[in-house]
Amino acid sequence: MDGHVHDMGGMHGMEPSANGNMFMPHKKKHFMHMTFFWGKDSEILFNQWPGENTGMYVLALVVVFVMSFLVEFLSSARFIKPGSNHFAAGLVQTVIHLLRVGLSFLVMLALMSFNGGVFLVAVMGHALGFFIFGSNAFKKKENNKDFDLPPMHC
């Protein structure tokens, strides 16, 4: 290159920056965090959600908390009655497993936003869910074999 801006066929309006990279005018700069950060300006699970809106950020935190809480509920729930049809029981177990894994993956994807608030509410949701459904704090039986699904292992 001789230092002049050349027409690049169909790339009108684009000019090289100082480092030679191309940029497009009128585009909002998008940056994905690769380390933990604190703040409400984030993207969690969906493009531009919650964005810069504080209320939507709080809603996103509530959604992540509920999802992680539900993972613990589904891990400890008893939906199948003893003596049920084995095929029907297998289908119920499969649906519960599908929901539990799907919610777990969504929580993991939310954590990949590297937002400190998302991390805290995910851990708190799992902790509260385990305390209520998985620990012995509210159980009348000491037998932990009364769950439909085995515990998830990381």
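Which residues are buried in α1?

1. Before that is answered, a word on the model and its conventions. This is a predicted model, in which local features need pLDDT of at least 70 and side-chain atom pairs count only at pLDDT 80 or more, while totals for chains, interfaces and linings use all residues. Residues are numbered from 1 along each chain as its sequence is written, and side-chain values use heavy atoms, with hydrogens and water left out.

2. On confidence, pLDDT is the predictor's confidence in each residue, on a scale from 0 to 100. The chain has an average pLDDT of 78, and 70% of the residues score at least 70. Over residues 5–9 the pLDDT stays under 50, and the model has 4 contacts there beyond four places in sequence, a contact being a pair of heavy atoms within 4.5 Å. Where pLDDT is low, the predicted coordinates should not be read in detail.

3. The opening question concerns helix α1, which covers residues 54–76; helices (H or I, at least four residues) and strands (E, at least two) are DSSP runs, numbered from the N terminus. Its buried residues are Y57, A60, L61, V64, M67, S68, V71, E72, L74, S75 and S76, where buried means under 20% relative accessible area, exposed means over 50%, and partly exposed lies in between, with a 1.4 Å probe and protein chains only. These buried residues pack against β4 (50–51), α2 and α3. An α-helix has 3.6 residues a turn, so residues three or four places apart point the same way.

4. The length of α1 can also be checked, since its 23 residues reach 34 Å from the first C-alpha to the last, close to the 33 Å expected at 1.5 Å a residue; the expected span is 1.5 Å times one less than the number of residues. At the start of α1, a side-chain oxygen of N53 comes to within 2.8 Å of the backbone nitrogen of G55. Such a polar contact is a pair of N or O atoms within 3.5 Å; within protein, one must be able to donate a hydrogen and the other to accept it, and residues adjacent in sequence count only if both atoms are side-chain atoms.

5. Helix α2 can be read in a similar way. Its 26 residues should span 38 Å at 1.5 Å a residue, and its end C-alpha atoms are 37 Å apart, which agrees. N85 caps the N-terminal end of α2, with a side-chain oxygen 2.7 Å from the backbone nitrogen of F87. Buried in α2 are A89, I96, R100, L103, S104, V107 and A110, and what covers them includes α1 and α3.

6. Apart from neighbours within four places in sequence, S68 is in contact with V107, V121, A122, G125 and H126. H126 is found in helix α3 and is partly exposed, at 25% relative accessible area. The backbone oxygen of S68 lies 3.5 Å from a polar atom of the H126 side chain. The C-alpha atoms of H126 and V71 are 7.4 Å apart, although 55 residues separate them along the chain.

7. Aromatic rings are a further topic, and the whole structure holds 5 aromatic pairs. Rings of Phe, Tyr and Trp (its six-membered ring) pair if their centres lie within 6.5 Å, and planes under 30 degrees apart count as stacked, over 60 as edge-to-face and the rest as tilted. F69 and F133 form an edge-to-face pair, with 5.3 Å between centres and 65° between the planes. Because F69 lies in helix α1 and F133 in helix α3, this pair ties together parts that are 64 residues apart in sequence. F73 and F79 are also edge-to-face, at 5.9 Å centre to centre and 85° between the planes. Ring pairs link F65, F69, F73, F79 and F133 into a cluster.

8. Most residues other than glycine have a negative phi, whereas F114, which is not a glycine, has a positive phi of about 60°.

9. Finally, UniProt, in an unreviewed entry, places the feature "transmembrane region" at residues 55–75, 87–112 and 118–138; its positions are given in the numbering used here, feature names are shortened, and annotations may be inferred rather than shown by experiment. In the model, residues 55–75 are 100% helix and 0% strand, while residues 87–112 are 96% helix and 0% strand.
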